[in-house]
Structure formats: structure tokens, C-alpha cells
Amino acid sequence: MTTIALVPILLIGVIVVLALWLVGVYNGLIRLRNQLENAWAQIDVQLKRRYDLIPNLVETVKGYAKHESGTFERVTQARNMAMSAKTVGERAEAENVLTGALKSLFAVAEAYPDLKANQNFLRLQEELTSTENKIAFSRQFYNDTVMTFNTRIEVFPVNLVAGMFNFLRREFFEVKGEAERQAPQVKF
Amino acid sequence: MWEQIRANRRRAVVLITLMGAVLLVIGYVAGEFFAPGAGVIGLGCALVIFFVQLAVYYGAAETMLLHGANVVELKREDSPRLFNIVEEMKLASGLEFMPKIYLVDDPAPNAFSMGRKPEDYVVAVTSGLVHRLNRDELEGVIAHEMAHLKNHDVQFMTLAAVMLGSIVILAAIVRQWLWFGGGRRRSRSESRGGGGGQAQLIILAVGLIFLILGPLMAQILYFACSRKREFLADACGAQFTRYPEGLASALQKISAASATTSFASQATAPLFIVNPLYAGGGEPDSVFSSHPSTAERIRILRGMVGSSLTDYEAAYDKAAKNTLFSRETLGTSQSGAIRAPSNEGPIETRQDTRAPFYRTRGYLKVKCDCGMEISVPEGYEGDEITCIRCGSVLPLPTASETPTVAGLPPVIPSLAPPLQYRRAGTGWESLRCACGRTIQLSPSFAASHIQCESCGRNIEITS
């Protein structure tokens, strides 16, 4: 008699434990996904800031270096392309082109001593350099979070829950030509 | 990184539980010593000592470090570059809120972080640090501090420090009491009691061992943990910046400086990036030191092949013959190459770094055409000053009276016609009101009028 009475109790116990585990895993995944969304939002904020700074910079440089219209055009074009990009991959590619164009603009500025002494230019240069850094750092954090998220939803038994609630793998925000950003090896 | 934080929290819970247990046992034993059966009261006393200490420590550490006359909170316009660096590191670490930045006027380069909640985290740097380090180095230092905040080291180490303090105090009280006349009373109670004597004796013996070894063990545990957290923060800092050399060379500069930080004490020393009480990297390397040897930290950072936690682990294994991270942590750590150095020099000159202090102390800044900048204290009499370098006579920037028809001085200052001042540029600027008070205009000041805090008169600002 006692064994028969125990079966439903045990069954209920197992179901309760399973349900609690499910809730825990689900909430954990949601938390991670929100972190991911937040990290992406951070990149977005910085990218927008860069779009806002670029016209100012181009105007300032134009006043001193009139003959470099080709460079200005490239920067403006790259900016427009980046702004109209749709997917994460497209966006990443367009941003790389923009970063390159900005680099050539700053290289142009090097040749004009008057420009380099201009307070407004110096302020814009610092802001843009820092914004570039911020993009790089928030992308780094985003990719770290994507990695954690992707690993988490693929590992057994969490993958069952992830599949049930349709948690999908996320794309990394990658930079092409990663080799360029690598430092030369220094030995001490 | 998430795995790393979780592992940290697990370890913290273990340590706090262990130290808490030691504290409670000592409390119980102390109670039993005073009067058999009073162990629970002793337990209560231990808790009271702990909470009083906690309250005092929280209040005192913040007051000691952040509320001095030589500390200011920096706004973006005070130091845009430092602000940018902190913002960059906030993004790299994924911290929720932007921490406040405090500048301490001290020639010794050092930095520390504080805060109970993410909303009021603080990163503090000394003026000696800001003007001495270049951008990459400063970034490394800030990243190290962010790692402390991200890993909740500050809250945890504070709790551990307070527990340690309580254990030491309690043990000292009981030892004192045993030394002076405690023994007499105990022998009396023993002769009175019959059967309970044996059990009591065992409790006493165990208690005595605890009284002597407990504080010592707690101390060793605490300092070992403090050192480990420094290594962890170094590792995370290198990962955030993707540039270990920045932090390594910053540590070298900090430890090579000859001045010691004047505002730090034994209690607040573990909060700093390098122990502030020992100049020239002379901290003795022992079980009782709060920081690992700086030379070793630099060696590990420079031995890194990449910038990930795995690379730090490899370098750490080689230098210390020990492991730092769990396998799960390393499993989710992204590999990362070391980025190129930025080649930017120091972000500010010494004068620029200390300018906020001159502003809060009411100095008037006068620029000469020869490039010299003169700081004139409030209360200086006269309308002009001679340049120390080129000898030209400079007028002090003063708000001028609007020419009025009647020419009579106004009776109520706030109703008087406004004084006038024309801005010279777009940067920081200071001017003198007719009453002698210095007024500072920030780069972001955009209004047309400003009111003097001292006499209440309005000053019209034109540009």
C-alpha cells in the first residue's frame, strides 16, 4: 500500500523539480539575451555619434584643405552607406570602409599645420578617436556576450529549452582585416 | 567573463562564511570564558561588534578618501580625455552605469575604486597619475579598477576586512581579560562545578587554540584573497584593453615613483592599485601583504602572448607555478590578439590636471601672450598683474560696470543693471566680479547671464 501511495508523490516531486529547473534556465537565457540586446544598443549609440561628428569634421578640414575633395567625398559616401546598412554583416562591412576613410582624412590633416593647431579640429579629433575606441570596445563586449550566449544555448541540456522557446544563434560583429589591428610582437 | 564573475562570487561566499564562522566561534568561546553558559551572549556581542565596525568602516573609508579638501569630482569639461578613457573602459567591461570620477590632488601616482551599488561606483585617480601616464597606461589602470568594480571586489573585500577587524578585536579583548584576572574567576567556578568540569575544560582548550590561531588564520586568508583579486583584476584589465603592456608599464611607473600617497592608511590600502604605503615598489612580499609584488605582476603581464584570460593564465602558471582561473572560466574566454599601441603621449600637462583644484579654490587665471599662465588668488588687490616671465603688465579679467546715466551706485545689488564681461574664447575662463569674488565659466556655459554667488549681482556674458 505504501509503495503505491509513494508513486504519485514522487511523480509530483519530479515534475516540480523539473518545472523549477525549466524556469531557472529560461530566466537565465532571457537575462543573457537582454544583456546581448543592451550590448548591441551600446554599439548603435556610438555608431550614431560617429555619424553626427563626421559632417562637423569634414567642414572643419575643408576650411583648411580645399584640394582634398576626393577624400571628403569618400568619407561622406562611406557614412551614407553605413547609415543605410540593414543586417549586422552589412553594417560591419560598411563601418570598416568608414573607419578606413576616416583614417585617410586624418592622414590628410597631418599635412596642414594650421589645421592641427585649430582647437575645434583637435576637439573633434579626440572625440572621433574616442568614438572609434568606444565602437571597438563595445563590439568586443558584444562579441564576448554573443559567444557566451551561443555556447549556452548549444550545450545539453539547455539546448532543449532553447529549442523549445526558439532562442537562435547570434551573429558576431566582426572586423575584416583583423590582421591590420594586430600589434607587432614585442619580446622583452 | 560571466563565468569568471560567477566563480568569483562562489569563492567570496566560501571565504565570508569561513570568516563568519571563526568570528562566531570566538564570540561563543568568549562568552563561555566570562561565565559558563553565556556563550549565546558572546555570540550576540560578536555580531554587535561586526555591525558597528561595518557601519563605521563604510562611513569612514568614504569620508577619508573622498571628502577631503583636495578631492574633486570631475565633470566632462574638466578633463574630456580622462572622461573618454573611463567611458571606453565602461563599455569594454560592460558595466551598467558610468562610474563617477574623482581626482585627488596628490603627487604620488595611484588609483582606487569604491562603491556599494553600481549606481554610485567611484573611480578615483591622483593628479600625479593623470599627468605622468600616457593614454594606453591610463587606460590600463582604469581597466584594472573597472575589473574590481565588475567583479564586486570592493564590496567583498570591505566585508572581509570588517570581519577580520572584528575577529582581531574580539580575540584581543578576550586575551586581555584572560591575562588580567580571568584565571582567578575560572578556577573558582571549576572548584564549584562537579561533573561539567571535564566538558568545560575541553571547550576552554579548543577555545584557547581558536583565540590564538583564529585571528592569524583569518589574516592570512584575507591577505591571500586580496592578492589573488589583484591578479584577477590585472587579467581582466588586460582583457578589456586588449593591451597588457599598457597596464604593465603603468605599474612600473607607479611603483618607481618616490612619493607615498599621503591620504591612505592601513585600512584603506587594499583598495589601491599598488599599495600606497610603500614607495619605490618596496612592499615586502609576505603572507601579510595586501598586494602581490609589483615586479611579479609586471612580469606576468609582459609574458602574455595574447590578451585573453587564457593567455594570462599561461603567463601566471609560468611565473607563480599556480593556477588562477577555473577550467569553466577559461572555456568561455574569447581569444584575443594584442592591439597596436596608440602612441599617444600624456593626456594632460600637470597644470591642466590640477586646474580643477585652482577653480574650486577660487583662483583667477590670467593668460599672457608669451604663453605664461598666472593663477591669481581671490582677495588679490589691484587690477593688474605683472607677468613673471616676460614682464608685461596684464589686466585682470573683470566684469565692468554698465555706464548708467545717473552714475549713482545701486542700493539693492540684484536690481542693479548687470555688469558686463566679454568672453575671450571657448575654453575654461575665470573673471572677477565687482565685489572681488572669482567666477568660473565652463566651456559648456551658454547662458547670457550669470549671478555672482557672493553679492548676487547679475553679470552679462557676451562672446
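Which residues in H5(B) meet which residues in H8(B)?

A: Happy to, keeping in mind that this is a predicted model. On the H5(B) side, the residues are B:Asp136, B:Glu137, B:Glu139, B:Gly140, B:Val141, B:Ala143 and B:His144. They meet B:Gly246, B:Leu247, B:Ser249, B:Ala250 and B:Lys253 in H8(B). Sorted by class, this contact has four nonpolar, four polar and four charged residues.

Now for the geometry. Helix H5 of chain B covers residues 135-150, and helix H8 of chain B covers residues 244-256. Their axes lie 7 Å apart and the helices pack at an angle of about 95°. An angle of 65 to 115 degrees counts as roughly perpendicular, so that is how H5(B) and H8(B) are placed relative to each other.

One residue of this contact leads us further in. B:Val141, which is among the H5(B) residues that meet H8(B), is also, with B:Ile142, one of the residues with the most contacts inside the largest nonpolar core, a set of 75 residues. The element that gives the most to this core is helix H5 of chain A (residues 119-154), with eight residues. As for B:Ile142, if you set aside its neighbours within four places in sequence, its contacts are B:Ile85, B:Val86, B:Met89 and B:Val123. A separate core of 25 residues lies apart from the largest one, and B:Phe33, B:Phe50, B:Leu211 and B:Tyr222 are among its members. As general background, nonpolar side chains tend to be buried together in soluble globular proteins.

Note on methods
Residues are numbered from 1 along each chain as its sequence is written. Chains are lettered from A and ligands numbered from 1 in the order in which they are written. This is a predicted model: local features need pLDDT of at least 70, side-chain atom pairs count only at pLDDT 80 or more; totals for chains, interfaces and linings use all residues. Axes are lines fitted to C-alpha atoms, for helices over the stretch in contact, and angles run from 0 to 180 degrees between N-to-C directions. Helices (H or I, at least four residues) and strands (E, at least two) are DSSP runs, numbered from the N terminus. Angles under 35 degrees count as roughly parallel, over 145 as roughly antiparallel, 65 to 115 as roughly perpendicular and the rest as oblique. Two residues are in contact if their C-beta atoms, placed from the backbone, lie within 7 Å. Ala, Val, Leu, Ile, Met, Phe, Trp, Tyr, Cys and Pro count as nonpolar, Asp, Glu, Lys and Arg as charged, and the others, Gly among them, as polar. A nonpolar core is a set of buried Ala, Val, Leu, Ile, Met, Phe, Trp, Tyr and Cys residues joined through C-beta atoms within 7 Å. A residue is buried if 20 or more other C-beta atoms lie within 10 Å of its own, exposed if 12 or fewer, and partly exposed in between; C-beta atoms are placed from the backbone.
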